[in-house]
Amino acid sequence: MADPGSFRREYQIAFLRHQNDLIDLALYKLRAKRIRKRRRQRRTNWIRPWILRRREYGMYDKLLVELRNEDPTSFTNFLRMPPDMFDELLGRVGPRITKQHTWYREPLESGLKIAPTLRHLASGNKYSSMKFAWRVPHNTISLLVREVCNAIIDEYMDEVLVCPTTPESWRVIADTFYRRWNFPHICGALDGKHVACRRPPKSGSLYFNYKGFYSIVLMALVDADYKFIWADLGGAGSASDAQIYNDSELKQCSENSTLGLPDPEPLPNDTQDVPYFFVGDDAFGLRPNMMKPYSQRGLKNEERIFNYRLSRARRVVENAFGILANRFQVLLTTMQHEPATVKLIVKTCLILHNLMRIRYPGLQNQLLDNAENANHEFIPGAWREGRNMEDTQNVMGFNTASKEGKNRGISSSTG
């Protein structure tokens, strides 16, 4: 009979050999996997050769230099701003986006970051098509666009896109409206527009609007000089003007008297006090601080005149959206970005629009429909000829008129 002890020892030896074989097999598989991974990651070139010839043939170092020296008008058309304005952006935003030089890789210069960003905003071209002209990889462009937009917002936000908070500043806007559009006590024209974007993941129908595409809503307040003084970019495409305005801080601050609107004063050639207000279309509810036109049925002659004057003043916000979309045509495309990036780009467009209105107020005024013929009918501006941002619709939200708003509206119209 075999010794049980020797049998146990032989079994242990065989088991250990088997375990060692399994370990050797696992190590072999792991080593082979690492080798295959190295082979896949091995690059023939760290940077593609045609990208390395950026300074010899790239658009920034060649075309923009030629346009600046030979044809400044084409430079303005290409980047939607004159060379002097581009130099100002480069001087103020450049230090915020400048990277440190290291031995590892030479960083992109600030101008080469700003110029493709402005071209993307001006044309709406995709990164995959822009990379060949600028000789910058598309994934790098996607990073620098967000970087430049954040830098522009940080540099200019508190300077060019500030909502007034004092009665004096609001009164300046109201005086300009009265002088230009013959409608007193207007502190701004309010409206909303759809900005198309691709469907965000796991969003359902939240961003799907009544026009049949996905979008976010830009709700903006505009002064008499076509500058944006307040904007809300938090609305999804399925929301309406009334819903977004009712949930906005602008309405809350105007109703609890923290917005700084002037106290009610008499209208010209009148003695009854009338509050200062915003103007909007039929989507908004009539409030003491929100004026809308009369219903179109059974209008009296005085009410028709009132509607004409109100629509003439409210058209300012339509013109502002027209200038904005014609200058930055990325707003006319379906943006292939996440909603956060879409909002970042739209906010940058608003800031650049205000900056251009301050530096060059006469630029693109030919787009406006602020002229009238002999019959006092406005002549449509050039911005209406092309495709523009879509209007929002009152599909949901509380927008019925309040009793106080009706009383104020009757007193202001009869006065």
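**Exercise 1.** Decide whether the crossing of H9 and H14 is left-handed or right-handed, then describe how these helices pack.

*Solution.* The crossing of H9 and H14 is left-handed (the near helix is turned anticlockwise from the far one by less than a right angle; clockwise would be right-handed). Before going on, a word on the model: it's predicted, so local features need pLDDT of at least 70 and side-chain atom pairs count only at pLDDT 80 or more, while totals for chains, interfaces and linings use all residues. Residues are numbered from 1 along each chain as its sequence is written, and side-chain values use heavy atoms, without hydrogens and water.

Step one, find the helices: H9 covers residues 138-160 and H14 covers 339-359 (helices are DSSP runs of H or I, at least four residues, numbered from the N terminus).

Step two, the geometry: their axes come within 9 Å and cross at roughly 45° (axes are lines fitted to C-alpha atoms over the stretch in contact, with angles from 0 to 180 degrees between N-to-C directions). H9 and H14 are therefore oblique to each other (under 35 degrees is roughly parallel, over 145 roughly antiparallel, 65 to 115 roughly perpendicular, the rest oblique).

Step three, the contact (heavy atoms within 4.5 Å): H9 brings residues including Ile152, Ile153 and Tyr156, and H14 brings, among them, Leu344, Ile351 and Leu355. By class, this contact has 12 nonpolar, four polar and four charged residues (Ala, Val, Leu, Ile, Met, Phe, Trp, Tyr, Cys and Pro count as nonpolar, Asp, Glu, Lys and Arg as charged, the others, Gly among them, as polar).

**Exercise 2.** Now bring in H6: at what angle does it cross H14, and at what angle does it cross H9?

*Solution.* Start with H14. H6 (residues 83-97) and H14 have axes that come within 12 Å and cross at roughly 125°, so the two are oblique to each other. H6 passes H14 in a right-handed crossing. Met85, Glu88, Leu89 and Arg92 of H6 meet Leu352, Leu355, Met356 and Arg359 of H14, a set with five nonpolar, no polar and three charged residues.

Next, H9. The H6 and H9 axes come within 9 Å, crossing at roughly 115°, and that crossing is right-handed. Glu88, Leu89 and Arg92 are among the H6 residues in this contact, with Ile152 and Tyr156 among those of H9. The tally here is seven nonpolar, no polar and seven charged.

**Exercise 3.** Which helix gives the most to the lining of the largest pocket?

*Solution.* First, the helices that each supply at least two lining residues are H2 (49-52), H3 (54-57), H7 (110-123) and H9. Then pick the top contributor: H9, with six residues.
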